[in-house]
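Biologist: Thanks for sitting down with me! Could we look at the structure together and talk through a few details?

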Amino acid sequence: MSQGTGWVLASNNPHKVKEIGRILAPHGISLRPLREFPDVEDPPETGSTFEANALQKARFVFQATGLPCIADDSGLEVDALNGAPGVHSKRYTPQATAQANNTKLLGALDGVSERGARFVCALAVVTAAGEEVWRGTCEGSIATAPAGTHGFGYDPLFLPTEIPGKCMAELAPSDKDRIGHRGQALERLPEALNRLKA
Ligand code: IMP
């Protein structure tokens, strides 16, 4: 059965659908979230890197729908923890809540002075013309106590290097978009879509 036309975003996260849709609208591309395809299962996410996971999701949805597809995968890498929580950022604790994850992270870094870290967002595009994957990053360090109420996840503990003295959760959303890992990765999306127009 034909799935129609358009680009599919391999996510149902309304925040991502809105953010990516806003960037692509001037390019005449509208995105269809995965929930428009009830027959398509949730894509697997079993890779050991952000890039592998983003590509896995995009390939899976492209194969299932036959439509060009965009997928992302993101998380936090902490140097002193050898890159953890990394691709397990969402499920760093069994509860998988921001509060439990942040408490565990603070505990893991108790007494550690080397607190360098980065947020990473990998974006993948898969179409009949080929595939591309790349990452956007935001360098920073982990605070010793949470601050701020904006954003989500690890934002209250992340001190971006570009805006000294403030946690990500203390920034206006427009500032987070500008310096953040997702914004950095999304900047390269329109040109990739042009190259991969099927
Ligand atoms: P996903 O890309 O929605 O799978 O995000 C994976 C996890 O990484 C989230 O649940 C958060 O814990 C963390 N994460 C990803 N992006 C951000 C961010 O912008 N701020 C804070 N935490 C993030």
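Biologist: Leaving aside its neighbours within four places in sequence, which residues is aspartate 155 in contact with?

Modeller: Happy to start there, with the reminder that this is a predicted model. Aspartate 155 is found in the loop between S5 and S6. Once neighbours within four places in sequence are left aside, the contacts of aspartate 155 are Phe119, His150, Cys167, Met168, Ala169 and Lys176.

Biologist: Does aspartate 155 count as buried or exposed?

Modeller: The cut-off for buried is under 20% relative accessible area. Aspartate 155 has a relative accessibility of 1%. Because that value falls under the cut-off, aspartate 155 counts as buried.

Biologist: Which residues are the closest to the ligand?

Modeller: The ligand is surrounded by 13 residues. The closest are Ser74, Asp155, Lys176, His181 and Arg182.

Biologist: How is the aromatic pair of phenylalanine 119 and phenylalanine 158 classed: stacked, edge-to-face or tilted?

Modeller: A search of the whole structure finds one aromatic pair. Its centres are 4.4 Å apart, with 40° between the planes. Stacked needs planes under 30 degrees apart and edge-to-face over 60, so the rest, including this pair, is tilted.

Biologist: How many residues apart are the two partners in the chain?

Modeller: Phenylalanine 119 belongs to strand S4 (residues 116-127) and phenylalanine 158 to strand S6 (residues 158-160). Phenylalanine 119 is buried at a relative accessible area of 5%, and phenylalanine 158 is buried at 0%. The pair links distant parts of the chain, and the separation is 39 residues.

Biologist: Last one: which strands do the buried residues of H3 pack against?

Modeller: Helix H3 covers residues 98-108, and its buried residues are Ala100, Asn101, Asn102 and Leu105. These pack against strand S3 (69-78) and strand S5 (130-142).

Key: Residues are numbered from 1 along each chain as its sequence is written. This is a predicted model: local features need pLDDT of at least 70, side-chain atom pairs count only at pLDDT 80 or more; totals for chains, interfaces and linings use all residues. Side-chain values use heavy atoms; hydrogens and water are left out. Rings of Phe, Tyr and Trp (its six-membered ring) pair if their centres lie within 6.5 Å; planes under 30 degrees apart count as stacked, over 60 as edge-to-face and the rest as tilted. Helices (H or I, at least four residues) and strands (E, at least two) are DSSP runs, numbered from the N terminus. Buried means under 20% relative accessible area, exposed over 50%, partly exposed in between (1.4 Å probe, protein chains only). A residue is near a molecule or strand if one of its heavy atoms lies within 4 Å of it. Contact means heavy atoms within 4.5 Å.
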